[in-house]
Amino acid sequence: MIHAAANREIGIDRLPEREQFVRAYRWMLLARTLDDKLASLYRAGKIHGGVFLGRGQEALSVSIGLALRKGDIFAPLIRDLAGRLAFGEPLLDAVRTYLGSPLGPMRGRDGNVHRGRPREGLLPMISHLGAMIAVVNGMLMARRLKGISGTVGVASIGDGATSTGACHEALNQAAVERLPLVLVVANNQYAYSTPTSRQFACADLVDRAPGYGVEGHSVDGTELTECLQVLRRAVAQARAGRGPQLVVARLLRLCGHGEHDDASYVDPKLKDSPLGRDCLKVAENRLLQEGWADATLLEAWRAEAVQQVEEAVATAQREGAPDPYKEDWRALATRHLCEPYLDVT
Amino acid sequence: MSITYLEAIREAQARALAEDPRVFIYGQDVGVFGGAFKATKNLYEQFPGRVIDAPISEDAIIGAAVGAAIEGLRPIVEIQFADFSTTGFNQIINQAATLFWRTQVPCPIVIRLPSGGTSGSGPFHSQCLENLYAHCPGLIVMTPATVEDAYSMLLEAVAIDDPVIFCEHKLLYYHLKAEALPTEALPVGKARLAREGRDMTIVTYGAMLHESLAAATELAAEGYEIEVVDLRTVKPLDTDTVMASVARTGRLLCVGESWPWGGVTAEVIARVVTEGFALLDAPPQRLNAKDTPVPYHPALWAAHRPTSQTIAAAARKLLRL
């Protein structure tokens, strides 16, 4: 079994290349395995609300999680299961939140991808994703005010969120304050059903970097090797005090927006292009080519991932549902300032 | 020596900065310039690094305040005019107000909203938005009407573990004065009996307190004793104090400077009618601004919002019912 704590303590960049690659691949595999399981549970009617998969984005995502260290900040997007796991989110947090367990971090109050542990640097997104960037900025500003240096914050968004006013405000804010922010844009060619031609008119989103006064990085999101390198470099530069870094990854979403969406609008030509390659398969090929793993070892890793997922699902399924009669229906931390008049329980 | 409402706000911020290293101020022009209304005058020099100028980005300003709160700090955000908070609305309603309920991590931020009409300010520098914010769970909404409350409530707002929308009234900034800063205050969430009477209760808050008190004085000359309740915080709303007053007078007029559809005045009447129907000798009434954007011209502006004259007229009508 792989543990997130390991890479967060040591810093993965100090490991030999094979070790880094294998570790990244195994987080990707675990994420893909859980995603497949969640899709099955969704089809079986076992999940309330939506299911949002990271299929095709695992290489980019895991590279974020592995580039970060303990004490860093990560505001993921909805397709960042691999990155969350590598960053240190327990597998059970994901499963419990999807299944609505009262023991999960959101206790049934929020679901699916809207989960996190803010005090541990993992932010639970609101649906207006562009709005998360400024929250990361604020955490980084607070650390500077407290005299804490050397930590980095990553905000992860898609091509769609780059069109929001919140994204513009926050990237400009980070640049003005020269914060150690890494803004990672997964350009997966579609925001729900909207293609990039209806989302922006610049040739490449990374062209925006100089306009904000930040450094820009492009990466092929289907290539784990390249993702690991680029994310490591961007995070290191932010950590070294070079200000915000904009990373734009080219890839294709290999699933619907959510599992309710058959994604029939995706252009078949894109699927057949290099963008449409499955990053997990690309990584597997490299493992085999380099002789870092053989078919037997890959199968053993798959079996282990399946076992981890099945155990987590079985655990969460035994935990029941939140009880509305025992729920504390108060939205304020200052309990005595909640109005008894409005308490309908 | 006397101190104005605006100076009280400045002094409260100076004290919060001096006493609590977690406090910092973030907003447009708040640094060397001292703020559009000078509410942060000299604080940049007194507290180096802790009074931070922001770009014109209300969304990012409030988002960053939420992030700082997660890290254990206590940001005070100055939104230059309450009207501009609408561009940060998403961060207030969906980020700040939901954080504690979703994650159990408190969100102690104060968002100062210079609110309300001043003659000649027009539709986008005059709004009172307490109704919008009071509607949403997860927020505390303060509407101080006196110099003493401006000071003590702002200090309490900083100490509270939840997001506080602090609606300070621009019309009171310069002309409202007190002899000294208060040494004690009513607890947050408690309304104040601003004037005692037995013939009718006026429930109000913010700048409308002073119009209502003037109306009560006018009516006293006609032989009526009007009780005036200053809500101080509109959320939480002190239903008990309102109900006790209505029990004494049997008549209720609610006065607010914001727009008439829904809102604080409607909420007060709904509560009194629901729980205190038998206390009422006449149908409760309310008086708000007109249901249009706030006009620019002084002649129109003066007629748009309730004044002591229109409040007195509404009160006379209610007294005859």
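What follows is a walk through the helix packing, the nonpolar cores and a few local details of a predicted model.

Because this is a prediction, local features need pLDDT of at least 70 and side-chain atom pairs count only at pLDDT 80 or more, while totals for chains, interfaces and linings use all residues. Residues are numbered from 1 along each chain as its sequence is written, chains are lettered from A and ligands numbered from 1 in the order in which they are written, and side-chain values use heavy atoms, with hydrogens and water left out.

Helices (H or I, at least four residues) and strands (E, at least two) are DSSP runs numbered from the N terminus. Two packed helices are described by the angle between their axes and the distance between the axes. Here the axes are lines fitted to C-alpha atoms, for helices over the stretch in contact, and the angles run from 0 to 180 degrees between N-to-C directions.

Helix H2 (residues 17-43) of chain A packs against helix H3 (residues 58-67) of chain A at an angle of about 120°, and their axes are 9 Å apart. That makes H2(A) oblique to H3(A); angles under 35 degrees count as roughly parallel, over 145 as roughly antiparallel, 65 to 115 as roughly perpendicular and the rest as oblique. The crossing of H2(A) and H3(A) is right-handed, a word used if the near helix is turned clockwise from the far one by less than a right angle, with anticlockwise giving left-handed. On the H2(A) side you will find Ala24(A), Trp27(A), Met28(A), Ala31(A) and Arg32(A), which meet Glu58(A), Ala59(A), Val62(A) and Leu66(A) of H3(A); contact means heavy atoms within 4.5 Å. The residues of the contact of H2(A) with H3(A) divide into seven nonpolar, no polar and two charged. In this scheme Ala, Val, Leu, Ile, Met, Phe, Trp, Tyr, Cys and Pro count as nonpolar, Asp, Glu, Lys and Arg as charged, and the others, Gly among them, as polar.

Stay with H3(A) for a moment. Ten of the ten residues of H3(A) are buried, so this helix is largely enclosed by the rest of the structure. Buried means under 20% relative accessible area, exposed over 50%, and partly exposed in between (1.4 Å probe, protein chains only).

H2(A) has another partner in helix H5 (residues 91-99) of chain A, packed at an angle of about 15° with the axes 12 Å apart. That makes H2(A) roughly parallel to H5(A), and this crossing too is right-handed. Leu30(A), Leu34(A), Leu38(A) and Leu41(A) of H2(A) make the contact with Leu91(A), Ala94(A), Val95(A), Tyr98(A) and Leu99(A) of H5(A). The residues of this contact divide into nine nonpolar, no polar and no charged.

Now look across to chain B. Helix H6 (residues 131-145) of chain A and helix H3 (residues 58-70) of chain B have axes that come within 6 Å and cross at roughly 55°. H6(A) and H3(B) are therefore oblique to each other, and H6(A) passes H3(B) in a right-handed crossing. Among the residues that meet here are Gly138(A) and Ala142(A) in H6(A), and Gly63(B) and Gly67(B) in H3(B). The contact divides into ten nonpolar, three polar and one charged.

Glu177(A) also reaches chain B. This residue sits in helix H7 (residues 165-177) of chain A and, at 16% relative accessibility, counts as buried. Leaving aside residues up to four places away in sequence, Glu177(A) touches Met141(A), Arg144(A), Ile52(B) and Asp53(B).

Next, the cores. A nonpolar core is a set of buried Ala, Val, Leu, Ile, Met, Phe, Trp, Tyr and Cys residues joined through side-chain atoms within 4.5 Å. The largest has 157 residues, of which Leu231(B) and Val268(B) touch the most other members. H2(A) gives the most to this core, with 13 residues. A second, separate core of 42 residues includes Ile25(B), Ile76(B), Val158(B) and Ala178(B).

Finally, some backbone details. The peptide bond from Lys235(B) to Pro236(B) is cis, with omega near 0°. Arg178(A) has a positive phi of about 50° although it is not a glycine. Asn42(B), also not a glycine, has a positive phi near 70°, and at 42% relative accessibility it counts as partly exposed.
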